[in-house]
Every structure is written in structure tokens, then in C-alpha cells.
Amino acid sequence: MSDADGRAEGRRDFADLLLDLRVQAGLSQEELADRAGLSVRTIRELEAGRVARPRKDSARLLAEGLGLRDGDAGKFLVAAGHATVRPVIAVAAPAPAGLRWRGTRPIPDGLVGRETELIELEGLLRQNRLVTLVGPGGVGKTELALAAADRFSGADTTVVVVDLTTVQRDAAVASAILDAFGTAPGTSDLDDVLAGRKPGDLVIVEDNAEHVLDGVATVANRMVRSYPGIGVLVTSRIPLGLPHEVVRRVQVLGVPANDKDFAEIAASPAVEMFVRRAARVRPGFQLTQENSATVARLCQRLDGLPLALELAAARAGSLSVETILAALDDRFRLLSGPRRFGAPHQRTLADTIAWSVDALSDPARQLLYRASMLGSPFTLDAVVGVCTGLPIEAADVPMLLAELVDKSLLQPVLEFEALYGARYKMLETIREHAYAGLSSQDEDLTEFRDRTVTWCSTYVEGLDGAWSSPDRDRRYRAANANSATFEVALERAAELGEWDTVARIVLGFRVAWQYQASVAESGIQWAGAAAEHVTDKETSGRLLAIAGRLSNLTGDVRAARRHYGEARTLMPPESEMGLVARAGWVSSGSVLLDTVSLAEIPTLVEDARGHGDPQRSATVQAICGLALARWGRLPEAKELLLAWAAALSNPGVYPDEIAYMALSRVELELGNLDEARRWAELARDSQASDDPERTKVAGCLAMVEFQAGKYDQARSLLDEADADIRGHRGYFDYLVMLYRSRLARQNDDAEQARLSIRDAVSRLLAEGRVVYLLDVLPEAVAVLHALGQHEQADQLCGQLLAWQRTMDPPMLPTAWEVLQESCAHAPVADGWPEPDPAESVQRLADDVLTALS
């Protein structure tokens, strides 16, 4: 930094400056992050310009990591938007000009994964007079507040931090604030230090306010009403309840969604915090492929709660990560130290939780204890149905739940609230503490577990007839919201050996499990377990049919086939659930290229049409139509799907976007683009506007637009559909990847095409959806040609040409067209037909994955 004009350097874009300096120093982003003690993500965000003004401590750490000294370091900090000198302020001395700070300073690099919150808080402090950070103990409110005040402060800002931990009386709050200013003896009124301040001149941080809430609220109300130049930032487990207060709830750090994807695990803020804290006590500790799954599970078990992560990481100096994870069954003993700083009630995890619980009224405490037994999340209905009784009146439950939310012991689940209704979740750490409280009252624990079984048994009786009702989605989603509570009831009933009760609950709840794939695994396990224990053969068959349906939804087609196959032998073939089992067996068989399944379709359709329930008849015909479409028998498939569409005129038969999408695909393969678009639009219109899986229909529309040559519209729709692929497993996800590859090839982006088609093949192989590989493999041939791998492309092409000539089902027209375009010179492979169609296709897919990797 040889430029002598510091002001010119200060005006340079900080992102460009940081990049230039890093390159001049010969450092990679990873190397600079290691030197500065920051995350690689922070460096990347700064250089990309997404963070225009880093925290002061981060800027200083970067300057040190870059090896900047004296004037160069000062200019770097100016370019980052910060003054370089912080004069020492003597207690009781007049405040000097320039930046001033009194009280606890933020810990350098003390925050992880909070950049978004910091940016929001800086904006809130500029626009509002009073901001309160609310959250459970140990969530990191203090560090976030200090970092936000530091980020907000300018050269003429005074920051005064008031630690209220030791303040015992509401009346003493004002004195504690005066003490924090370092006022001289005899100063008795806030007017002496607050009067005459200009806006932005003073920020007061009042930390740990929950136990003297009335005193803090009184003083804060006075300050913001009487002194317009002052900003107040409060941390508390409970809001102040003032009309001009802006409340922001501090959330736990994000944890990985799974323990398998290394990139996703490494990107998790909770994992990043644990790894960085563990490295402080075990030099060289880092996230690796070998330990990533264990670290991910540990962070999940700790809910991403920063205090718990910090205390667990402190044990990494003497214990392995595997040992720490195993010891979390007694987390309060494991995480009892050795923290030596902070408020006394925050030095152990148990003290942190007990501090909040002990401050509750008796009814609120008892409700917390009882609700801990319901699983998480749970609904208001479940609390009223299970947890009432002295000292809790049913009419008081909403008020008590609100109290627990206000005191940060419960969190409302706002995602999809319009679909699933009011739900609440409890951090596992809080739940374990509360469950221990309930367990200490042995009779209560037994009583409320038994009441959960009774409530769930009654609840499913209310779902009778829901399938044919106009509001079936609402009713089943409301039931799905209670999935965790139903899990508790099923465990208790099984423990008591009441398997008929388990079966009754599973049969009543069966459709509700289908609305969320993440809980469907539980339904599979309970349906299978109940089928083994009940004595009635037909009931066992119905349960296995449910296991088959849920297995199909979770992507395990082979398990679905197995469950359906056994179920169809246990029930009368013309009964409603007998038809369900047979249709599921046919459907899963068509996916696995089993010709035996198709032979049953004529009889199955005839039996369905003779069934008295038009909804069941229509559904079975639609399932059979889907199976025939997979098998390339497009006119027959269209006939059955149109019979389903015609049945919509009957009461109790409602639109199904999957069947509409199947009709669109059939018309597309037949070359009827206008009809294909009409059915795709009907699929879109049949879904609720707030359906969380709405975007899957975008992939169907994208296929139509692509075949019509409207590539920009197709690309836009595929971008929309990508969100669904990330969040849900759907029947047609592979088609989104397939058409993404086709669009990429059109733009000569062979690498994007490779990634897209590889993902499609990999997913279909993992889920066992063999028949759909015949749609995808021709595109893989074209991609291999685009990558210059002509020998491998021609070899695969020859195999597929042989398939098309000798095997059943044939490739669909759109796939066959792609293959013909790509195979002008490839010879037909020898050795066909082969005896095992499914094995043959999977072998070809394995070869493709090898070639594309």
C-alpha cells in the first residue's frame, strides 16, 4: 500500500482492495482465512462485495493476516469503514472526542454465521430507538448485540455496555447504567449523562435484562422518549413489552440437514463454530471426510445452540468427537464446564436452562414439563387435548404457550403455518430438562403418556371420510402437524402391547404421513411392526399396503413392491384396500420393468370399475394409466387417464396434479403440444397457491415449452422447479435434470449438461426407478459426444439401439429422437435380447456414471 493519499485509499472499493492485497501477498482465500482466524466463507463474501463493511475486529484480523503494519494497516481499516484509534477512557474522566467504548467488548471472531443478522441489526439501530434481542439462554444474544453495536458505531459514537447480571432490584437499573458510564461519585440522575446527545452519538447496550425486566422497561421507556439522540439495544429472554420496542428473536445456528453431504456439512454455521472452537483446545483439529458425519450429528443433537456447541468443543481437548456425541445422552453432566466467564447462570448448560424455568409461574412450568412429552413440533390442539388438568385450565393454554414463547422456552414454527396451523417446537436441550422435571413426577409421566394414546386414538376417528371431503388437504395437513405426538402415542401403545390400538392409529393416520416424506419413514416402521403383531389377516394386509405406499414416496421402490406384494395376498382382491395393494404392486412393478405386473392391469381395471366408490375406481385407473405410460403404451395409458379425468364429475372425486401431469406427458410423447400444455396448466391450477410442493409442476410445463421451442420460458420454469428438487422428492424430478441437460447442450455448456445428467442417473439408480433410466440414457449419449468422449458414447448408443429393437418397453418418442440424433455411426450391439431387463438397464447406467464422473 504505497499510495500516500490515505483518503484515496479509503475511497477504494473494499472488495477490490482486499482481493488485490491478497494476490500481492501470494495467499489463497483458504490461507488468508487460516492466518486471520476467519472462515473461508467470510473472505469469499467480502471479496465478492456482498459485505460492504466488515466488523472492526474482522478488519483488524485481516490486516494482521495480510502482514500490514502501521500506516498501511490504518489505511486498510479506513477503507473498511472504521476509525483506527480507540483512546483509553479513564473511569470518571470526561469523555474525549472520537470513538468511545465503555464496558465489555465483543470477542474477536466471536460470531459465526451471523452476518445476515448483523446487517439487519445495524439497519434497525439506525431506524429505531429501542431494539430488543430475545432468545433462549446460550443462543448468543450478548455477542450478537456487542458485535452489532460495534458495527453500528462511528468515529463520534459512544457505546456503553451495561451488564445487568448482578443487578438484583428493578430500582437499581438506573444506577447500574450510571456506573457503566463511569460517572463520578454524586452523579445521581441520567439527565447528567444523556442530555444533549445527537442522533447516533450514544448507544446503550443493556445485557441480561430478563430478571429486572420492569426496571429495564421503565428506564428504557424514559430514555427513548426523552432523549432522541440515544439508541438502546437490550438482550433478554423476554421482550420488554413497550409499544415502540422492535423485537428480534435470535435463532440457533443452522445445522446440516443430513450427515452424508460433506459440502453441506462444511457450510453449516453450527459445524463451523464447533470446529473453530475445538481447534482452540486441540491444535490442528479440522473437519474431514472421516469425522464429518459425527460432527454433523453432534451439532444436530445440540440444536445448533452456541453455548452448547462451545461447551462441547471445550471437551475436544481430552475427548474424541465420537465420545462427546455418545455422552450427549447425559448432556447436562457432559456440558457442565469448564466455562469460567460470563454470567453465573450461563457457565453450565443446566444452569442456563434452569435460570429460565425457575422464573416461570407454576402453571407455565407444568405446561412446559407436560409438553416436553409430546415430541417436537406439537400443536395447540395436542396441548389442550393432553396436557390440561390442575393447575392448567384448557382456556388458559394459549396464554401459557404465549408466555413460554415470550420467555424463549418455546419457538413458534412459522414455516407453512397457513397449511399446518399453529405449531411449536422445543429445543432438544430444553426438552430434556423439562422431561426430567416431568419424570421426577412419576405418576404424572405415566398419566400423560397414556392420555396421548387416548387423544391420538380419538383424533384418527375424526379423520374418517376425510379422503372424500372437499377440505381433505387441510384435514390431513392438520393431522400431519401432530406427527411427533403420534409417534409418542405409538411408542406408548407398543410398550403396553396394545397392538390393535397401534394398528387403529396407523390406519387412521395413514394419509397424513404422505404429506411429508421426512416423517413417512416412521409410518413405514409402525405399519410393518403392527402388521407383524395383529392377529387379523386382513388388517395386516391393510397395514402392509400402507407400508408399500409410504416406501414408494420415500424412493424405496423395491420395498414398496415387497410390501404391496405381500398385502395383496392377505385381502379380498375386490375390496378397497385390496385394490390399493394390487394397484401399488402394478405401479412399482412397472417402474422395476417387471412384465408380470402389467398382465394384471386388465383384471384390475375391471375390478376397479365395478367397485362402488368412484374415487377409488378413478384412482386405480389413473395408477394403471401411469404404469402403461411408463411402458410406452401411450394410447392405452391415455384412455385410462381420461377415464380418471371424466370421473371428476362425481362427488368426492377431486383433481390430482400427478394424473394431470401424466396426461400432459402422454400428449407430449404423442406430439400433441397444445393438449400437453392444457393438461400441464390444469396440474398447476389444481394445486393450492401455498402448497409447499407447488414448484414440481413447473418441470412439467418446462418440458412442454422446450418441445415447443420456447427455450427461455423452459429455462425459467426449470429454475423454479429446482427449488422443489432441493426440498422434496418427487416423481418427476429426474425430468427437470434431463431438460436442464438438454438446454445446457444447446448453449454449448457441456459441463453443466454433464452435471445435470449425472445427477439424474445417480438419483434414479439410488431410488431404483429403473424404467425412467430409459428416458435419461439417450441424453447421456449426447452429453458424452459433447464432452468429446465419442468411443464411450457410441458404445452406449449401440447398446440402446439393441434395446430398442429387442426389448420391452421401448424408449419413449422424445428419448428415441435424441438417441437417433446422436447415433449416426454407432453399430448395434451384439448379445441382445438379455434375460433380465432391469439388470441390463442398471448396468448401462453404472457405465454412464463411470464415464461422466
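Colleague: Cys 797 and Cys 823, are they buried or exposed?
Modeller: Cys 797 is buried, and Cys 823 is buried as well. Bear in mind that this is a predicted model.

Colleague: How far apart are the sulfur atoms of Cys 797 and Cys 823?
Modeller: Their sulfur atoms are 1.3 Å apart, and the two residues form a disulfide. The count for the model comes to one disulfide.

Colleague: What about Cys 299 and Cys 624, buried or exposed?
Modeller: Cys 299 counts as buried because its relative accessibility is 0%. Cys 624 is buried too, with a relative accessible area of 0%.

Colleague: Back to α45. Which residues of α45 are buried?
Modeller: Among them are Pro 837, Val 841, Leu 844, Val 848 and Leu 852. The buried residues of α45 pack against α41 (750-767), α42 (773-786) and α43 (790-806).

Colleague: And what caps the N-terminal end of α45?
Modeller: Asp 836 does, with a side-chain oxygen 3.3 Å from the backbone nitrogen of Ala 838.

Colleague: How many Å should α45 span, and what are its end C-alpha atoms apart?
Modeller: The helix has 16 residues, 837-852, so at 1.5 Å a residue it should span 22 Å. The end C-alpha atoms are 23 Å apart, which agrees.

Colleague: Which peptide bond ending at Pro 833 is cis?
Modeller: The one from Trp 832 to Pro 833, with omega near 5°. Pro 833 lies in the loop between α44 and α45. The bond from Asp 808 to Pro 809 is also cis, with omega near 5°, and Pro 809 belongs to the loop between α43 and α44.

Colleague: Changing topic: what is the strand order in the open sheet?
Modeller: The order is β7-β9-β8, three strands with antiparallel pairing. β7 (378-379) and β8 (411-412) are the edge strands, each pairing on one side only.

Colleague: How many bridges join β7 to β9?
Modeller: Two bridges join them, and β9 covers residues 423-425. Phe 378 stands opposite Tyr 424 in β9.

Colleague: What does Ala 547 contact, leaving aside neighbours within four places in sequence?
Modeller: Ile 524, Ala 527 and His 563. Ala 547 lies in helix α29 (residues 537-553) and counts as buried at 0% relative accessibility.

Colleague: Last one: where is confidence lowest and where is it highest?
Modeller: Lowest in helix α1 (residues 6-11), at a mean pLDDT of 38, and highest in α42, at 96. Where pLDDT is low, the predicted coordinates should not be read in detail. The chain averages 85, and 89% of the residues score at least 70.

Conventions
Residues are numbered from 1 along each chain as its sequence is written. This is a predicted model: local features need pLDDT of at least 70, side-chain atom pairs count only at pLDDT 80 or more; totals for chains, interfaces and linings use all residues. Side-chain values use heavy atoms; hydrogens and water are left out. Helices (H or I, at least four residues) and strands (E, at least two) are DSSP runs, numbered from the N terminus. The expected span of a helix is 1.5 Å times one less than its number of residues. Buried means under 20% relative accessible area, exposed over 50%, partly exposed in between (1.4 Å probe, protein chains only). Contact means heavy atoms within 4.5 Å. A polar contact is a pair of N or O atoms within 3.5 Å; within protein, one must be able to donate a hydrogen and the other to accept it, and residues adjacent in sequence count only if both atoms are side-chain atoms. Two strands pair if DSSP finds at least two bridges between them. pLDDT is the predictor's confidence in each residue, from 0 to 100. A disulfide is a pair of cysteine sulfur atoms within 2.5 Å.
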